[in-house]
Amino acid sequence: MITNLVLMLFSTALAATPCAGLKSISIPNTTITMAELVPAGVFTPPAAPRGQAPEAAPAPAAGAPQRGGGGGRGQGPGGGAAAPPPAIITVPPFCRVAATLTPTSDSSIDMEVWLPETWNGKFEFVGGGGWAGVISYPALAAALNEGYATASTDTGHKGGNANFAIGHPEKVVDFAYRAVHESTVKAKTIMTTFYDRGPRLSYWNGCSTGGRQGLMEAQRYPDDFDAIVAGAPANYQTHLHAWDLGVAVPVLNNPASAVSTAKATALSKAVVAACDAKDGVKDGLLNDPRTCKVSGKVLDFDLTTLLCKSGDGESCLTAPQIEAVKRMYAPAKTKSGELVFPGKEPGSETGWNVIAASQAPPGVSLGSFQVAYDNLQWDWKSYDLDRDLKVVDEKVGTIINAVNPDLSAFKAHGGKLILYHGWNDTAISPENTVNYYSSVLTKMGQKQDNWMRLFMAPGMQHCGNGPGPNQINYMGALERWRETGIAPDQLLASHVTNNRVDMARPLCPYPQVAAYKGVGSTNDAANFVCKAPQSNAN
(Lines give C-alpha, C1' and ligand atoms only; values in the text may rest on other atoms or scores of the structure.)
Protein backbone atom coordinates (compact mmCIF):
# COMPACT_ATOMS: atom_id res chain seq x y z
CA MET A 1 0.00 0.00 0.00
CA ILE A 2 2.72 2.51 1.00
CA THR A 3 4.85 1.49 -2.01
CA ASN A 4 1.93 2.01 -4.37
CA LEU A 5 1.22 5.43 -2.83
CA VAL A 6 4.85 6.49 -3.27
CA LEU A 7 4.79 5.41 -6.90
CA MET A 8 1.54 7.30 -7.51
CA LEU A 9 3.02 10.46 -6.02
CA PHE A 10 6.17 10.00 -8.12
CA SER A 11 4.10 9.61 -11.28
CA THR A 12 1.84 12.61 -10.68
CA ALA A 13 4.07 15.09 -8.89
CA LEU A 14 7.36 14.76 -10.74
CA ALA A 15 6.27 13.96 -14.27
CA ALA A 16 4.66 16.27 -16.81
CA THR A 17 3.09 13.10 -18.24
CA PRO A 18 2.44 10.26 -15.76
CA CYS A 19 4.38 7.07 -16.39
CA ALA A 20 1.34 5.07 -17.47
CA GLY A 21 0.32 7.90 -19.76
CA LEU A 22 3.47 7.43 -21.84
CA LYS A 23 1.95 4.32 -23.37
CA SER A 24 -0.58 6.41 -25.25
CA ILE A 25 1.72 9.13 -26.62
CA SER A 26 2.20 9.28 -30.38
CA ILE A 27 5.72 9.03 -31.84
CA PRO A 28 6.28 8.30 -35.56
CA ASN A 29 7.15 4.68 -36.39
CA THR A 30 7.01 3.80 -32.69
CA THR A 31 4.75 1.53 -30.66
CA ILE A 32 5.14 1.87 -26.90
CA THR A 33 4.52 -1.60 -25.52
CA MET A 34 5.10 -0.91 -21.84
CA ALA A 35 5.04 2.07 -19.48
CA GLU A 36 5.00 1.06 -15.85
CA LEU A 37 6.31 2.22 -12.50
CA VAL A 38 8.90 -0.05 -10.91
CA PRO A 39 9.42 0.23 -7.12
CA ALA A 40 12.84 0.35 -5.47
CA GLY A 41 14.30 -3.07 -4.80
CA VAL A 42 15.41 -6.11 -6.76
CA PHE A 43 14.80 -6.14 -10.50
CA THR A 44 15.17 -9.43 -12.32
CA PRO A 45 15.73 -8.98 -16.07
CA PRO A 46 14.23 -11.36 -18.59
CA ALA A 47 16.50 -14.27 -19.53
CA ALA A 48 18.82 -13.51 -22.46
CA PRO A 49 18.18 -15.37 -25.73
CA ARG A 50 20.16 -18.53 -26.41
CA GLY A 51 23.52 -17.79 -27.99
CA GLN A 52 23.77 -14.29 -26.55
CA ALA A 53 27.28 -13.09 -25.73
CA PRO A 54 27.79 -11.97 -22.12
CA GLU A 55 27.58 -8.28 -21.49
CA ALA A 56 30.47 -6.07 -20.41
CA ALA A 57 29.93 -3.64 -17.60
CA PRO A 58 29.81 0.02 -18.56
CA ALA A 59 32.14 2.67 -17.22
CA PRO A 60 31.26 4.42 -13.93
CA ALA A 61 30.08 7.99 -13.59
CA ALA A 62 31.67 10.64 -11.38
CA GLY A 63 31.72 9.65 -7.74
CA ALA A 64 30.09 6.28 -8.45
CA PRO A 65 31.30 2.80 -7.59
CA GLN A 66 33.57 1.29 -10.19
CA ARG A 67 31.77 -0.26 -13.15
CA GLY A 68 34.55 -0.33 -15.71
CA GLY A 69 35.72 -3.92 -15.49
CA GLY A 70 33.01 -6.15 -16.80
CA GLY A 71 33.18 -9.48 -18.52
CA GLY A 72 34.33 -9.91 -22.09
CA ARG A 73 32.28 -9.42 -25.21
CA GLY A 74 32.89 -9.87 -28.89
CA GLN A 75 34.04 -13.50 -28.73
CA GLY A 76 30.86 -14.76 -27.11
CA PRO A 77 29.29 -18.14 -27.65
CA GLY A 78 27.91 -18.93 -31.06
CA GLY A 79 24.33 -19.72 -31.96
CA GLY A 80 22.74 -22.43 -29.86
CA ALA A 81 24.85 -21.85 -26.74
CA ALA A 82 22.86 -21.62 -23.54
CA ALA A 83 22.51 -18.11 -22.18
CA PRO A 84 23.73 -17.46 -18.63
CA PRO A 85 21.09 -17.02 -15.93
CA PRO A 86 19.80 -13.45 -15.66
CA ALA A 87 21.57 -11.21 -13.18
CA ILE A 88 19.67 -9.94 -10.17
CA ILE A 89 20.14 -6.22 -9.77
CA THR A 90 18.97 -3.53 -7.35
CA VAL A 91 17.27 -0.39 -8.64
CA PRO A 92 15.76 2.84 -7.30
CA PRO A 93 12.13 3.66 -8.21
CA PHE A 94 11.77 4.40 -11.92
CA CYS A 95 9.41 4.49 -14.87
CA ARG A 96 10.17 1.64 -17.26
CA VAL A 97 9.24 2.23 -20.89
CA ALA A 98 9.58 -0.33 -23.68
CA ALA A 99 8.98 0.40 -27.35
CA THR A 100 9.27 -1.18 -30.77
CA LEU A 101 10.54 1.01 -33.61
CA THR A 102 9.75 0.35 -37.28
CA PRO A 103 11.71 2.85 -39.41
CA THR A 104 11.41 0.42 -42.36
CA SER A 105 8.91 -2.30 -43.25
CA ASP A 106 11.45 -4.96 -42.26
CA SER A 107 12.55 -3.29 -39.01
CA SER A 108 11.52 -4.38 -35.53
CA ILE A 109 13.80 -2.58 -33.11
CA ASP A 110 13.12 -3.11 -29.42
CA MET A 111 14.36 -0.54 -26.94
CA GLU A 112 13.86 0.39 -23.31
CA VAL A 113 14.07 3.75 -21.58
CA TRP A 114 14.40 3.89 -17.79
CA LEU A 115 13.39 7.17 -16.14
CA PRO A 116 14.49 7.58 -12.50
CA GLU A 117 12.47 9.33 -9.84
CA THR A 118 15.55 11.31 -8.80
CA TRP A 119 16.99 12.47 -12.13
CA ASN A 120 20.39 14.09 -12.54
CA GLY A 121 19.15 15.82 -15.70
CA LYS A 122 21.40 13.76 -17.97
CA PHE A 123 21.01 10.88 -20.44
CA GLU A 124 23.27 7.85 -20.76
CA PHE A 125 22.79 5.40 -23.62
CA VAL A 126 24.50 2.06 -22.91
CA GLY A 127 25.99 -0.05 -25.69
CA GLY A 128 25.70 -3.71 -26.61
CA GLY A 129 28.11 -6.57 -27.26
CA GLY A 130 28.84 -9.08 -30.03
CA TRP A 131 25.92 -9.18 -32.47
CA ALA A 132 23.77 -7.55 -29.73
CA GLY A 133 20.21 -8.95 -29.86
CA VAL A 134 19.38 -8.16 -26.25
CA ILE A 135 18.57 -5.22 -24.00
CA SER A 136 21.59 -4.50 -21.75
CA TYR A 137 19.78 -4.66 -18.40
CA PRO A 138 22.81 -4.66 -16.04
CA ALA A 139 24.20 -1.58 -17.77
CA LEU A 140 20.80 0.13 -17.63
CA ALA A 141 20.63 -0.52 -13.89
CA ALA A 142 24.14 0.82 -13.33
CA ALA A 143 23.31 4.09 -15.10
CA LEU A 144 19.92 4.34 -13.37
CA ASN A 145 21.53 3.97 -9.94
CA GLU A 146 23.62 7.03 -10.71
CA GLY A 147 20.59 9.15 -11.54
CA TYR A 148 20.70 8.95 -15.32
CA ALA A 149 17.75 8.56 -17.62
CA THR A 150 19.09 5.67 -19.65
CA ALA A 151 18.32 3.59 -22.73
CA SER A 152 19.35 0.41 -24.51
CA THR A 153 18.38 -1.32 -27.76
CA ASP A 154 18.57 -4.87 -29.07
CA THR A 155 19.53 -3.30 -32.47
CA GLY A 156 16.56 -4.88 -34.21
CA HIS A 157 16.76 -8.62 -33.55
CA LYS A 158 16.89 -11.31 -30.88
CA GLY A 159 19.83 -13.58 -30.17
CA GLY A 160 23.61 -13.23 -30.26
CA ASN A 161 24.36 -14.48 -33.76
CA ALA A 162 24.04 -13.11 -37.28
CA ASN A 163 21.18 -15.38 -38.40
CA PHE A 164 18.78 -12.43 -38.35
CA ALA A 165 20.64 -10.73 -41.19
CA ILE A 166 20.40 -13.49 -43.80
CA GLY A 167 18.10 -12.18 -46.51
CA HIS A 168 17.31 -9.02 -44.50
CA PRO A 169 19.53 -6.13 -45.65
CA GLU A 170 17.49 -3.54 -43.75
CA LYS A 171 18.13 -5.43 -40.50
CA VAL A 172 21.86 -5.22 -41.20
CA VAL A 173 21.52 -1.44 -41.38
CA ASP A 174 19.49 -1.48 -38.16
CA PHE A 175 22.28 -3.39 -36.39
CA ALA A 176 25.00 -1.23 -37.92
CA TYR A 177 23.73 2.20 -36.90
CA ARG A 178 20.04 2.91 -37.48
CA ALA A 179 18.74 1.21 -34.31
CA VAL A 180 21.03 3.21 -32.04
CA HIS A 181 20.28 6.53 -33.71
CA GLU A 182 16.52 5.97 -33.87
CA SER A 183 16.45 4.76 -30.27
CA THR A 184 18.43 7.83 -29.19
CA VAL A 185 15.96 10.19 -30.84
CA LYS A 186 12.94 8.34 -29.45
CA ALA A 187 14.44 8.09 -25.95
CA LYS A 188 14.96 11.84 -25.82
CA THR A 189 11.37 12.40 -26.93
CA ILE A 190 10.06 10.06 -24.24
CA MET A 191 12.09 11.59 -21.43
CA THR A 192 11.16 15.12 -22.55
CA THR A 193 7.49 14.15 -22.42
CA PHE A 194 7.89 12.55 -19.00
CA TYR A 195 10.00 15.22 -17.30
CA ASP A 196 8.73 18.19 -19.33
CA ARG A 197 12.34 18.95 -20.24
CA GLY A 198 15.03 17.23 -22.23
CA PRO A 199 18.44 16.11 -20.98
CA ARG A 200 20.98 18.87 -20.49
CA LEU A 201 23.76 16.51 -21.61
CA SER A 202 23.77 13.17 -23.42
CA TYR A 203 26.48 10.54 -22.91
CA TRP A 204 27.34 7.30 -24.71
CA ASN A 205 28.95 4.47 -22.74
CA GLY A 206 29.95 1.23 -24.44
CA CYS A 207 32.68 -1.34 -24.96
CA SER A 208 33.40 -3.83 -27.77
CA THR A 209 30.37 -3.59 -30.09
CA GLY A 210 29.32 -0.76 -27.77
CA GLY A 211 32.63 0.94 -28.59
CA ARG A 212 31.93 0.56 -32.31
CA GLN A 213 28.43 1.95 -31.80
CA GLY A 214 29.85 4.99 -30.00
CA LEU A 215 32.33 5.72 -32.78
CA MET A 216 29.61 5.22 -35.38
CA GLU A 217 27.49 7.81 -33.61
CA ALA A 218 30.38 10.30 -33.58
CA GLN A 219 30.95 9.68 -37.29
CA ARG A 220 27.36 9.57 -38.60
CA TYR A 221 25.30 11.47 -36.02
CA PRO A 222 27.71 13.85 -34.26
CA ASP A 223 24.93 15.83 -32.57
CA ASP A 224 23.34 12.82 -30.82
CA PHE A 225 25.82 12.79 -27.92
CA ASP A 226 27.89 15.38 -26.09
CA ALA A 227 30.55 12.93 -24.92
CA ILE A 228 31.44 9.32 -25.63
CA VAL A 229 33.27 6.50 -23.86
CA ALA A 230 34.29 3.93 -26.49
CA GLY A 231 36.18 0.94 -25.09
CA ALA A 232 37.90 -1.80 -27.09
CA PRO A 233 35.85 -0.84 -30.15
CA ALA A 234 34.98 -3.51 -32.72
CA ASN A 235 34.89 -0.68 -35.25
CA TYR A 236 36.73 -2.60 -37.99
CA GLN A 237 34.39 -5.55 -37.64
CA THR A 238 34.94 -7.25 -40.98
CA HIS A 239 38.74 -7.03 -40.68
CA LEU A 240 38.62 -8.25 -37.08
CA HIS A 241 36.58 -11.26 -38.16
CA ALA A 242 38.88 -11.86 -41.14
CA TRP A 243 41.85 -12.03 -38.75
CA ASP A 244 39.91 -14.40 -36.48
CA LEU A 245 39.25 -16.83 -39.31
CA GLY A 246 42.84 -16.49 -40.50
CA VAL A 247 44.13 -17.94 -37.23
CA ALA A 248 41.24 -20.29 -36.43
CA VAL A 249 40.76 -22.10 -39.75
CA PRO A 250 44.34 -23.44 -40.10
CA VAL A 251 44.06 -24.96 -36.61
CA LEU A 252 40.63 -26.43 -37.36
CA ASN A 253 41.97 -27.92 -40.58
CA ASN A 254 44.99 -29.33 -38.70
CA PRO A 255 43.89 -30.24 -35.14
CA ALA A 256 47.47 -31.19 -34.23
CA SER A 257 48.29 -27.48 -34.18
CA ALA A 258 45.69 -26.66 -31.49
CA VAL A 259 47.16 -25.06 -28.36
CA SER A 260 45.69 -26.12 -25.03
CA THR A 261 45.10 -23.79 -22.09
CA ALA A 262 48.01 -25.38 -20.24
CA LYS A 263 50.37 -24.80 -23.17
CA ALA A 264 49.17 -21.21 -23.63
CA THR A 265 49.76 -20.58 -19.93
CA ALA A 266 53.30 -21.96 -20.14
CA LEU A 267 53.95 -19.79 -23.19
CA SER A 268 52.63 -16.68 -21.46
CA LYS A 269 54.78 -17.25 -18.37
CA ALA A 270 57.90 -17.63 -20.51
CA VAL A 271 57.18 -14.51 -22.60
CA VAL A 272 56.37 -12.33 -19.60
CA ALA A 273 59.47 -13.55 -17.75
CA ALA A 274 61.60 -12.53 -20.75
CA CYS A 275 60.10 -9.04 -21.12
CA ASP A 276 58.71 -8.11 -17.69
CA ALA A 277 61.63 -5.97 -16.53
CA LYS A 278 61.82 -3.90 -19.73
CA ASP A 279 59.49 -1.24 -18.22
CA GLY A 280 61.55 -0.94 -15.01
CA VAL A 281 59.22 -2.97 -12.79
CA LYS A 282 59.09 -6.75 -12.53
CA ASP A 283 55.40 -7.22 -11.72
CA GLY A 284 54.02 -9.72 -14.22
CA LEU A 285 52.71 -6.91 -16.48
CA LEU A 286 54.01 -5.54 -19.77
CA ASN A 287 53.57 -1.76 -19.78
CA ASP A 288 53.69 -1.67 -23.58
CA PRO A 289 53.88 -5.22 -24.95
CA ARG A 290 54.87 -3.94 -28.39
CA THR A 291 58.40 -3.51 -27.01
CA CYS A 292 58.53 -7.27 -26.35
CA LYS A 293 59.75 -8.98 -29.50
CA VAL A 294 58.79 -12.62 -29.87
CA SER A 295 60.59 -14.33 -32.76
CA GLY A 296 61.03 -10.89 -34.28
CA LYS A 297 64.00 -9.02 -35.72
CA VAL A 298 65.07 -7.90 -32.24
CA LEU A 299 64.54 -11.03 -30.23
CA ASP A 300 63.48 -10.98 -26.58
CA PHE A 301 62.00 -14.46 -26.63
CA ASP A 302 62.67 -17.24 -29.13
CA LEU A 303 59.66 -19.55 -29.51
CA THR A 304 61.90 -22.46 -30.48
CA THR A 305 63.11 -22.63 -26.86
CA LEU A 306 59.69 -24.14 -26.08
CA LEU A 307 59.89 -26.72 -28.87
CA CYS A 308 59.11 -30.18 -27.52
CA LYS A 309 62.33 -32.20 -27.46
CA SER A 310 60.73 -35.63 -27.35
CA GLY A 311 57.05 -36.38 -27.70
CA ASP A 312 54.61 -33.81 -26.35
CA GLY A 313 53.82 -32.17 -23.03
CA GLU A 314 51.91 -29.31 -21.39
CA SER A 315 55.00 -27.13 -20.98
CA CYS A 316 56.24 -27.31 -24.57
CA LEU A 317 55.01 -26.65 -28.11
CA THR A 318 55.17 -28.90 -31.14
CA ALA A 319 56.27 -27.48 -34.50
CA PRO A 320 52.67 -27.10 -35.78
CA GLN A 321 51.68 -25.40 -32.53
CA ILE A 322 54.57 -22.93 -32.85
CA GLU A 323 53.26 -22.00 -36.29
CA ALA A 324 49.79 -21.42 -34.81
CA VAL A 325 51.32 -19.19 -32.11
CA LYS A 326 53.26 -17.18 -34.70
CA ARG A 327 50.01 -16.50 -36.57
CA MET A 328 48.47 -15.18 -33.34
CA TYR A 329 51.21 -12.59 -32.87
CA ALA A 330 51.26 -11.63 -36.55
CA PRO A 331 49.03 -9.10 -38.30
CA ALA A 332 46.82 -10.34 -41.09
CA LYS A 333 47.97 -9.02 -44.45
CA THR A 334 46.83 -9.43 -48.02
CA LYS A 335 49.10 -11.05 -50.59
CA SER A 336 50.17 -7.56 -51.65
CA GLY A 337 51.27 -6.76 -48.09
CA GLU A 338 48.37 -4.50 -47.12
CA LEU A 339 47.56 -4.56 -43.39
CA VAL A 340 44.18 -6.11 -42.66
CA PHE A 341 44.21 -6.30 -38.85
CA PRO A 342 46.89 -6.41 -36.16
CA GLY A 343 47.74 -9.54 -34.16
CA LYS A 344 47.55 -10.18 -30.42
CA GLU A 345 50.11 -8.85 -27.95
CA PRO A 346 52.74 -10.68 -25.90
CA GLY A 347 51.41 -11.36 -22.40
CA SER A 348 47.87 -12.13 -23.55
CA GLU A 349 48.48 -15.78 -24.44
CA THR A 350 46.36 -17.36 -21.67
CA GLY A 351 43.21 -16.12 -23.43
CA TRP A 352 43.98 -17.47 -26.88
CA ASN A 353 40.90 -19.68 -27.13
CA VAL A 354 40.66 -19.10 -30.87
CA ILE A 355 43.51 -21.60 -31.47
CA ALA A 356 42.32 -24.12 -28.89
CA ALA A 357 40.71 -27.37 -29.98
CA SER A 358 37.25 -26.65 -31.40
CA GLN A 359 34.74 -27.70 -34.04
CA ALA A 360 34.23 -24.37 -35.83
CA PRO A 361 35.49 -20.78 -35.86
CA PRO A 362 34.05 -18.33 -33.29
CA GLY A 363 30.38 -17.89 -34.17
CA VAL A 364 30.50 -14.12 -33.84
CA SER A 365 33.30 -13.95 -36.44
CA LEU A 366 31.77 -16.50 -38.76
CA GLY A 367 28.62 -14.38 -38.83
CA SER A 368 30.11 -11.57 -40.91
CA PHE A 369 30.95 -14.01 -43.72
CA GLN A 370 27.60 -15.78 -43.50
CA VAL A 371 25.94 -12.39 -43.98
CA ALA A 372 28.30 -11.45 -46.82
CA TYR A 373 27.54 -14.64 -48.72
CA ASP A 374 23.89 -14.69 -47.54
CA ASN A 375 24.37 -18.29 -46.51
CA LEU A 376 24.35 -19.83 -43.02
CA GLN A 377 26.04 -22.91 -44.50
CA TRP A 378 29.00 -20.97 -45.94
CA ASP A 379 32.04 -23.25 -46.08
CA TRP A 380 34.65 -21.76 -43.77
CA LYS A 381 37.07 -24.65 -44.37
CA SER A 382 38.12 -23.11 -47.70
CA TYR A 383 38.52 -19.59 -46.27
CA ASP A 384 40.82 -17.39 -48.36
CA LEU A 385 41.74 -13.98 -46.94
CA ASP A 386 42.13 -12.05 -50.19
CA ARG A 387 39.04 -13.50 -51.84
CA ASP A 388 36.69 -13.47 -48.86
CA LEU A 389 37.83 -10.14 -47.42
CA LYS A 390 36.87 -8.40 -50.65
CA VAL A 391 33.35 -9.83 -50.46
CA VAL A 392 32.79 -9.21 -46.75
CA ASP A 393 34.07 -5.63 -46.98
CA GLU A 394 31.76 -4.87 -49.91
CA LYS A 395 28.64 -6.57 -48.54
CA VAL A 396 29.04 -5.95 -44.80
CA GLY A 397 31.96 -3.64 -44.05
CA THR A 398 30.59 -0.67 -45.98
CA ILE A 399 27.58 -0.74 -43.64
CA ILE A 400 28.92 -1.92 -40.26
CA ASN A 401 32.54 -0.73 -40.06
CA ALA A 402 33.08 2.57 -38.23
CA VAL A 403 36.54 3.61 -39.40
CA ASN A 404 35.98 7.14 -40.73
CA PRO A 405 38.77 9.24 -39.14
CA ASP A 406 37.01 12.56 -39.76
CA LEU A 407 35.40 13.45 -36.43
CA SER A 408 35.46 17.18 -37.08
CA ALA A 409 31.68 17.55 -36.79
CA PHE A 410 31.65 15.82 -33.41
CA LYS A 411 34.52 18.03 -32.26
CA ALA A 412 32.71 21.15 -33.49
CA HIS A 413 29.63 20.07 -31.51
CA GLY A 414 31.79 20.31 -28.38
CA GLY A 415 32.08 16.54 -28.10
CA LYS A 416 34.61 14.76 -25.91
CA LEU A 417 35.85 11.25 -26.64
CA ILE A 418 37.64 8.81 -24.34
CA LEU A 419 38.96 5.68 -26.02
CA TYR A 420 40.38 2.81 -23.98
CA HIS A 421 41.71 -0.68 -24.58
CA GLY A 422 43.42 -3.39 -22.52
CA TRP A 423 46.78 -4.62 -23.80
CA ASN A 424 45.81 -8.20 -22.81
CA ASP A 425 42.63 -8.17 -24.90
CA THR A 426 42.26 -11.39 -26.88
CA ALA A 427 38.84 -10.64 -28.41
CA ILE A 428 39.89 -7.49 -30.28
CA SER A 429 43.54 -6.70 -30.94
CA PRO A 430 44.43 -3.59 -28.89
CA GLU A 431 46.56 -2.09 -31.63
CA ASN A 432 43.39 -1.68 -33.71
CA THR A 433 42.32 1.11 -31.34
CA VAL A 434 45.80 2.66 -31.50
CA ASN A 435 45.55 2.55 -35.29
CA TYR A 436 42.16 4.24 -35.34
CA TYR A 437 43.31 6.93 -32.90
CA SER A 438 46.38 7.55 -35.07
CA SER A 439 44.20 7.77 -38.20
CA VAL A 440 42.18 10.57 -36.59
CA LEU A 441 45.39 12.48 -35.84
CA THR A 442 46.57 11.97 -39.41
CA LYS A 443 43.26 13.28 -40.76
CA MET A 444 42.64 16.13 -38.32
CA GLY A 445 46.12 17.10 -37.14
CA GLN A 446 48.40 15.83 -34.41
CA LYS A 447 47.10 18.11 -31.64
CA GLN A 448 43.64 16.79 -30.73
CA ASP A 449 44.00 16.14 -27.00
CA ASN A 450 41.62 18.98 -26.10
CA TRP A 451 38.70 16.70 -27.06
CA MET A 452 40.01 13.14 -27.64
CA ARG A 453 42.27 10.92 -25.54
CA LEU A 454 43.23 7.26 -25.63
CA PHE A 455 44.13 5.20 -22.55
CA MET A 456 45.82 1.81 -22.88
CA ALA A 457 45.61 -0.49 -19.85
CA PRO A 458 48.50 -2.92 -19.19
CA GLY A 459 47.31 -6.39 -18.23
CA MET A 460 43.63 -5.65 -18.84
CA GLN A 461 41.62 -8.08 -20.94
CA HIS A 462 38.53 -7.42 -23.07
CA CYS A 463 36.61 -4.49 -21.55
CA GLY A 464 37.96 -5.37 -18.08
CA ASN A 465 39.34 -8.19 -15.92
CA GLY A 466 42.87 -9.57 -16.27
CA PRO A 467 46.01 -9.46 -14.12
CA GLY A 468 46.49 -5.71 -14.51
CA PRO A 469 44.54 -2.86 -12.87
CA ASN A 470 41.18 -2.85 -14.64
CA GLN A 471 38.70 -0.96 -12.44
CA ILE A 472 38.66 2.53 -13.96
CA ASN A 473 36.22 5.43 -13.71
CA TYR A 474 36.04 6.39 -17.39
CA MET A 475 32.65 8.05 -17.07
CA GLY A 476 33.72 10.18 -14.13
CA ALA A 477 36.69 11.46 -16.14
CA LEU A 478 34.47 12.08 -19.16
CA GLU A 479 31.90 14.02 -17.12
CA ARG A 480 34.54 16.25 -15.53
CA TRP A 481 36.06 16.91 -18.93
CA ARG A 482 32.77 17.76 -20.65
CA GLU A 483 31.17 19.64 -17.75
CA THR A 484 34.11 21.47 -16.15
CA GLY A 485 36.75 21.49 -18.88
CA ILE A 486 39.23 19.49 -16.76
CA ALA A 487 40.96 17.09 -19.15
CA PRO A 488 42.03 13.67 -17.81
CA ASP A 489 45.83 13.81 -17.53
CA GLN A 490 45.69 10.32 -16.03
CA LEU A 491 43.11 7.81 -14.84
CA LEU A 492 43.41 5.83 -11.63
CA ALA A 493 43.22 2.09 -12.33
CA SER A 494 42.79 -0.48 -9.57
CA HIS A 495 43.06 -4.25 -9.40
CA VAL A 496 40.72 -5.89 -6.92
CA THR A 497 41.06 -9.34 -5.37
CA ASN A 498 38.51 -10.61 -2.84
CA ASN A 499 36.94 -7.13 -2.62
CA ARG A 500 40.31 -5.57 -1.76
CA VAL A 501 42.42 -3.25 -3.92
CA ASP A 502 45.81 -4.96 -4.19
CA MET A 503 47.32 -2.81 -6.95
CA ALA A 504 46.77 0.69 -8.31
CA ARG A 505 48.43 2.39 -11.25
CA PRO A 506 47.84 5.50 -13.31
CA LEU A 507 46.68 5.06 -16.88
CA CYS A 508 48.31 7.68 -19.04
CA PRO A 509 47.07 9.41 -22.21
CA TYR A 510 48.58 7.56 -25.17
CA PRO A 511 51.43 7.48 -26.09
CA GLN A 512 52.60 8.20 -22.53
CA VAL A 513 53.21 5.27 -20.17
CA ALA A 514 53.34 4.98 -16.38
CA ALA A 515 56.98 5.01 -15.24
CA TYR A 516 58.06 3.91 -11.76
CA LYS A 517 59.74 6.67 -9.76
CA GLY A 518 62.11 4.14 -8.21
CA VAL A 519 60.92 4.57 -4.63
CA GLY A 520 58.01 3.03 -2.73
CA SER A 521 55.58 0.20 -3.39
CA THR A 522 54.99 -0.71 -7.00
CA ASN A 523 51.36 -1.40 -6.05
CA ASP A 524 50.78 2.28 -5.22
CA ALA A 525 49.80 4.58 -8.08
CA ALA A 526 51.44 7.55 -6.32
CA ASN A 527 54.85 6.02 -7.06
CA PHE A 528 54.38 6.27 -10.83
CA VAL A 529 54.45 9.21 -13.22
CA CYS A 530 53.22 9.54 -16.80
CA LYS A 531 56.11 9.92 -19.24
CA ALA A 532 56.76 9.68 -22.95
CA PRO A 533 57.87 6.14 -23.86
CA GLN A 534 61.50 5.36 -24.57
CA SER A 535 62.01 5.08 -28.31
CA ASN A 536 64.08 1.90 -28.08
CA ALA A 537 63.18 -0.06 -24.97
CA ASN A 538 65.51 -2.96 -24.17
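1. T104 is buried, with a relative accessible area of 18%. The cut-off matters here: a residue counts as buried under 20% relative accessible area. The model is a predicted one, and the value for T104 is computed from it. T104 sits in the loop between strand 4 and strand 5. Beyond its neighbours within four places in sequence, T104 is in contact with E170 and R178. Its C-alpha lies 8.5 Å from that of N29, although 75 residues separate T104 and N29 in sequence.

2. Strand 4 covers residues 94-101, and eight of its eight residues are buried, so the rest of the structure largely encloses it. In a regular strand, side chains alternate between the two faces of the sheet. Strand 4 can be read that way: F94, R96, A98 and T100 point to one side. C95, V97, A99 and L101 point to the other. Both sets are buried. Note that R96 is among the buried residues.

3. What does strand 4 pair with? Strand 1 (residues 30-38) is joined to strand 4 by eight bridges, and the two run antiparallel. E36 stands opposite R96 of strand 4. Strand 5 (residues 109-116) is also joined to strand 4 by eight bridges, again antiparallel. There, A99 has M111 as its bridge partner. R96 and A99 point opposite ways from strand 4.

4. Now the disulfides. How many does the structure hold? It holds five. With the bonded cysteines of the protein chain numbered in sequence order, the pairing reads 1-2, 3-8, 4-5, 6-7, 9-10.

5. C207 and C463 form a disulfide with their sulfur atoms 2.0 Å apart. This pair links distant parts of the chain, 256 residues apart. C207 belongs to strand 8 (residues 201-207). C463 is in the loop between strand 13 (452-457) and strand 14 (471-472). The torsion about the S-S bond is about -100°, so this disulfide is left-handed. Is the pair buried or exposed? C207 is buried at 2% relative accessible area, and C463 is buried at 1%.

6. C275 and C292 are joined by a disulfide, S to S 1.9 Å. C275 lies in helix 6 (residues 261-275), and C292 in the loop between helix 6 and helix 7 (319-329), so the link ties together parts 17 residues apart in sequence. Its handedness is right: the torsion about the S-S bond is about 65°. C275 is buried, with a relative accessible area of 3%. C292 also counts as buried, at 5%.

7. C508 and C530 are joined with S to S at 2.1 Å. C508 lies in the loop between strand 16 (500-507) and strand 17 (513-516), while C530 is in strand 18 (residues 528-531), so the pair ties together parts 22 residues apart in sequence. The value about the S-S bond is -85°, and the link is left-handed. Both cysteines, C508 and C530, are buried.

8. S429 deserves a separate point. Where is S429 found? It is in the loop between strand 12 (416-422) and helix 11 (430-444). S429 is buried, with a relative accessible area of 0%. Its side chain makes a polar contact with the side chain of K344, at 3.0 Å. Leaving aside neighbours within four places in sequence, S429 is in contact with F341, P342, G343, K344 and H421.

9. Last, the chain as a whole. The secondary structure comes to twelve helices and 18 strands. Of the 538 residues in the protein chain, 56% are buried. Among contacts with a separation of 6 or more, 72% come from residues 24 or more positions apart. The accessible surface comes to about 21,000 Å². Carbon and sulfur atoms account for 53% of that surface.

Definitions and conventions:
Residues are numbered from 1 along each chain as its sequence is written. This is a predicted model: local features need pLDDT of at least 70, side-chain atom pairs count only at pLDDT 80 or more; totals for chains, interfaces and linings use all residues. Side-chain values use heavy atoms; hydrogens and water are left out. A disulfide is a pair of cysteine sulfur atoms within 2.5 Å. Helices (H or I, at least four residues) and strands (E, at least two) are DSSP runs, numbered from the N terminus. Buried means under 20% relative accessible area, exposed over 50%, partly exposed in between (1.4 Å probe, protein chains only). Two strands pair if DSSP finds at least two bridges between them. A polar contact is a pair of N or O atoms within 3.5 Å; within protein, one must be able to donate a hydrogen and the other to accept it, and residues adjacent in sequence count only if both atoms are side-chain atoms. Contact means heavy atoms within 4.5 Å. Accessible areas come from the Shrake-Rupley method with a 1.4 Å probe; for residues, only the protein chains shown count as cover.
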